[in-house]
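Welcome! Let's take a friendly walk through this structure, one region at a time.

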Amino acid sequence: MKYINATEVLPFDLLSEIQKYIAGEILYIPQPEGRKNPWGSRNGTRQEIITRNKQIKLEKENGRSIEELMIKYNLSYDTIKKIVYLK
């Protein structure tokens with residue numbers, strides 16, 4: 001989450017009103033309902049995990065053992081198992 005100085009983005013009247021309630025503190029303003037981004041979609045993490053999981057499935061299909069995949073991807077036995085056997 002990026003820090004933005006309120007004086008740079010809010011009109012003076014709105015900033016003055018907010019300062020009546022909270023001044024000199026960090027304030028989180030959530031996105032409106034229905035506009036939330038899915039986890040990992042903004043920074044590419046979601047796609048990286050999807051790609052990694054496809055690679056794990058492919059390697060398992062090509063004969064790699066769960067133990068080998070655990071070491072290679074630094075994941076637990078149960079996590080590899082979920083990835084491999086989840087459709």
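This is a predicted model: local features need pLDDT of at least 70, side-chain atom pairs count only at pLDDT 80 or more; totals for chains, interfaces and linings use all residues.

**A pocket, a core and a buried glutamate**

The residues that line the largest pocket divide into 15 nonpolar, 6 polar and 4 charged. Two elements, α1 (6–9) and α2 (12–21), each give two or more residues to the lining. The space inside the largest pocket comes to about 1100 Å³.

Now turn to the largest nonpolar core. Its 8 residues are Ile56, Ile66, Leu69, Tyr73, Leu75, Ile80, Ile83 and Val84. The elements that supply two or more residues to this core are α4 (66–73) and α5 (77–85). Take Val84 as one member of the core: leaving aside residues up to four places away in sequence, Val84 touches Ile56, Lys57 and Lys60.

Our last stop is glutamate 59, which sits in helix α3 (residues 45–61). Is this glutamate buried or exposed? Glutamate 59 counts as buried because its relative accessible area is 10%, and the cut-off for buried is under 20%. Which residues does glutamate 59 touch, not counting those up to four places away in sequence? They are Arg64, Leu69, Lys72 and Tyr73. With lysine 72 there is also a polar contact, side chain to side chain, at 2.9 Å.

Note on methods. Residues are numbered from 1 along each chain as its sequence is written. Side-chain values use heavy atoms; hydrogens and water are left out. A nonpolar core is a set of buried Ala, Val, Leu, Ile, Met, Phe, Trp, Tyr and Cys residues joined through side-chain atoms within 4.5 Å. Buried means under 20% relative accessible area, exposed over 50%, partly exposed in between (1.4 Å probe, protein chains only). Helices (H or I, at least four residues) and strands (E, at least two) are DSSP runs, numbered from the N terminus. Contact means heavy atoms within 4.5 Å. A polar contact is a pair of N or O atoms within 3.5 Å; within protein, one must be able to donate a hydrogen and the other to accept it, and residues adjacent in sequence count only if both atoms are side-chain atoms. On a 1 Å grid over the protein atoms alone, a cavity is a set of points where a 1.4 Å probe fits but cannot get out, and a pocket is an open set with protein on both sides within 12 Å along at least five of seven lines; lining residues have an atom within 4 Å of a point. Grid points are joined across faces, edges and corners, and a volume is the space filled by probe spheres set on the points. Ala, Val, Leu, Ile, Met, Phe, Trp, Tyr, Cys and Pro count as nonpolar, Asp, Glu, Lys and Arg as charged, and the others, Gly among them, as polar.
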